[in-house]
Amino acid sequence: MEKAQKLFDPIWEDYLKQNPHVKKIYELFTDLGERVVNDHIAFRTYNDPRINIDVLAQQFIEAGYEFKGEYQFEQKKLYAKHFELAGFKDAPRIFISELKLEEMSPFLRKTVNALIDQIPTNLLNSPELIFKGRVWEKPSYSIYEKLRQESEYASWLYVFGFRANHFTVNINALKQLDTMDKVIGFLKSNGFKMNTSGGEIKGSPESLLEQSSIIAGTIPIEFIEGIYNVPSCYYEFAKRYKDKNGDIYGGFIAKSADKIFESTDYRKN
Ligand code: NI
């Protein structure tokens with residue numbers, strides 16, 4: 001666990017630094033006396049073999065994580081894997097998704113290939129890549145917008161690169177805010193907006209996993225054309241239930257995760 005914790009610390013620091021809205025929520029929870037435990041941490045990438053899920057997973061595998069499940073998101077053209085730390089039920093799960101480039105337009109593929117060409121060769125296939133953020137030149141707002149029309153996921157990655165897309169508060173570990181309704185009520189009373197795609201709560205006690213998230217905060221990003229505010233990262237909340245054997249459900253539900261992805265994509269028309 002110690003080895004894994006050493007990986008999370010810099011990722012968490014970077015995430016808080018970049019996302020003041022997340023820091024605010026974290027502080028609101030801790031001010032209530034809650035101990036915030038992470039259910040999972042999510043990362044995004046493109047499926048080029050030099051930077052794909054398996055490349056980003058290397059550090060975690062090295063720290064004792066094991067592959068536990070895979071997920072397909074047909075419409076968003078994504079594939080994902082989740083990993084768990086063997087022997088540590090309370091360690092955060094790692095959820096890494098990748099965009100299936102072969103299913104995308106020639107424009108998108110060409111753009112992404114040009115980005116990968118800019119990555120220093122020592123970072124390709126490297127366990128270090130996951131800590132590096134954006135590893136290509138300053139983005140162009142017009143390319144960002146064009147990517148966004150085809151895949152909001154691709155455009156987010158173009159701007160933010162390799163870093164946590166979100167952390168997730170484990171509601172099971174909270175004392176006062178111990179239901180999804182209480183968490184959502186608390187967030188809304190503090191002025192936060194929830195991602196309502198697929199409903200505020202995705203999943204149900206019957207499906208053994210409930211998830212909810214705020215919409216990503218916007219932060220100013222320096223593009224070639226100037227500074228624009230764009231959605232950065234969000235904070236997710238998950239409550240897990242026991243299966244019929246009495247074990248807490250540990251997986252993910254593709255239908256729910258599909259809607260959670262839209263927490264960075266709320267500017268449709
Ligand atoms: Ni998530």
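Modeller: A helix here is a DSSP run of H or I with at least four residues, and the helices are numbered from the N terminus. Tyr 144 lies in one of them, helix α5, and please keep in mind throughout that this is a predicted model.

Colleague: Why is Tyr 144 counted as buried?

Modeller: A residue is called buried when its relative accessible area is under 20%. Tyr 144 has 2% relative accessibility, and therefore it counts as buried.

Colleague: What does Tyr 144 touch, leaving out residues up to four places away in sequence?

Modeller: Its contacts include Ser 155, Tyr 158, Val 159, Val 230, Pro 231 and Arg 267, and Phe 223 is also one of them. Tyr 144 and Phe 223 are 79 residues apart in sequence, while their C-alpha atoms are 9.2 Å apart in space.

Colleague: Which residues touch the most other members of the largest nonpolar core?

Modeller: That core holds 87 residues, and the ones touching the most other members are Phe 29, Phe 43, Tyr 46, Tyr 235 and Phe 237. For Tyr 46, once neighbours within four places in sequence are left aside, the contacts include Leu 99, Val 112, Trp 136 and Tyr 158. In soluble globular proteins, nonpolar side chains tend to be buried together.

Colleague: What makes His 40, His 166 and Glu 236 donors of the nickel ion?

Modeller: A donor must be an N, O or S atom within 2.8 Å of this metal. The atoms concerned are NE2 of His 40, NE2 of His 166 and OE of Glu 236, at 2.0 to 2.1 Å, and so they meet that limit. In sequence the donor residues follow the spacing H-x125-H-x69-E. His 166 belongs to strand β5 (residues 166–170) and Glu 236 to strand β10 (residues 234–240), so this pair, 70 residues apart, links distant parts of the chain. Both His 166 and Glu 236 are buried.

Colleague: What makes β5 and β10 a pair of strands, and in which sense do they run?

Modeller: Two strands pair if DSSP finds at least two bridges between them. β5 and β10 have five bridges, in the parallel sense, and therefore they count as paired. Within this pairing, Thr 168 has Glu 236 as its bridge partner in β10. On the same test, β1 and β5 pair in the antiparallel sense, over four bridges, and Ile 41 stands opposite Phe 167 in β5.

Colleague: Why is β5 called mostly covered, and which way do its residues point?

Modeller: β5 is mostly covered in that five of its five residues are buried. His 166, Thr 168 and Asn 170 point one way, whereas Phe 167 and Val 169 point the other way. In a regular strand the side chains alternate between the two faces of the sheet.

Colleague: How do you know that the side chains of Asp 39 and Arg 240 form a polar contact?

Modeller: The cut-off for such a pair of N or O atoms is 3.5 Å. The contact joining Asp 39 and Arg 240 is 2.6 Å, and it is therefore within that cut-off. Asp 39 sits in strand β1 (residues 38–46), and with a relative accessible area of 1% it is buried.

Colleague: What makes the buried residues of α7 line one face of the helix?

Modeller: In helix α7 (residues 180–189), the buried residues are Met 180, Val 183, Ile 184, Phe 186 and Leu 187. Seen down the axis of α7, they fall within an arc of 160 degrees, so they line one face. On the other side, Asp 181 and Ser 189 are exposed. The elements covering the buried residues of α7 include α2 (20–31), β7 (209–213) and β10.

Colleague: Why is Lys 77 called partly exposed rather than buried or exposed?

Modeller: Partly exposed is the range between the buried limit of 20% and the exposed limit of 50%. Lys 77 has 27% relative accessibility, so it falls in that range. Lys 77 lies in the loop between β2 and β3, and it has a positive phi of about 60 degrees although it is not a glycine. Most residues other than glycine have a negative phi.

Definitions and conventions:
Residues are numbered from 1 along each chain as its sequence is written. This is a predicted model: local features need pLDDT of at least 70, side-chain atom pairs count only at pLDDT 80 or more; totals for chains, interfaces and linings use all residues. Side-chain values use heavy atoms; hydrogens and water are left out. A nonpolar core is a set of buried Ala, Val, Leu, Ile, Met, Phe, Trp, Tyr and Cys residues joined through side-chain atoms within 4.5 Å. Buried means under 20% relative accessible area, exposed over 50%, partly exposed in between (1.4 Å probe, protein chains only). Contact means heavy atoms within 4.5 Å. Donors are N, O and S atoms within 2.8 Å of the metal (3.2 Å for Na, K and Ca); water is not among the atoms, so sites may look incomplete. Helices (H or I, at least four residues) and strands (E, at least two) are DSSP runs, numbered from the N terminus. A polar contact is a pair of N or O atoms within 3.5 Å; within protein, one must be able to donate a hydrogen and the other to accept it, and residues adjacent in sequence count only if both atoms are side-chain atoms. The arc is that of the directions from the helix axis to the C-beta atoms.
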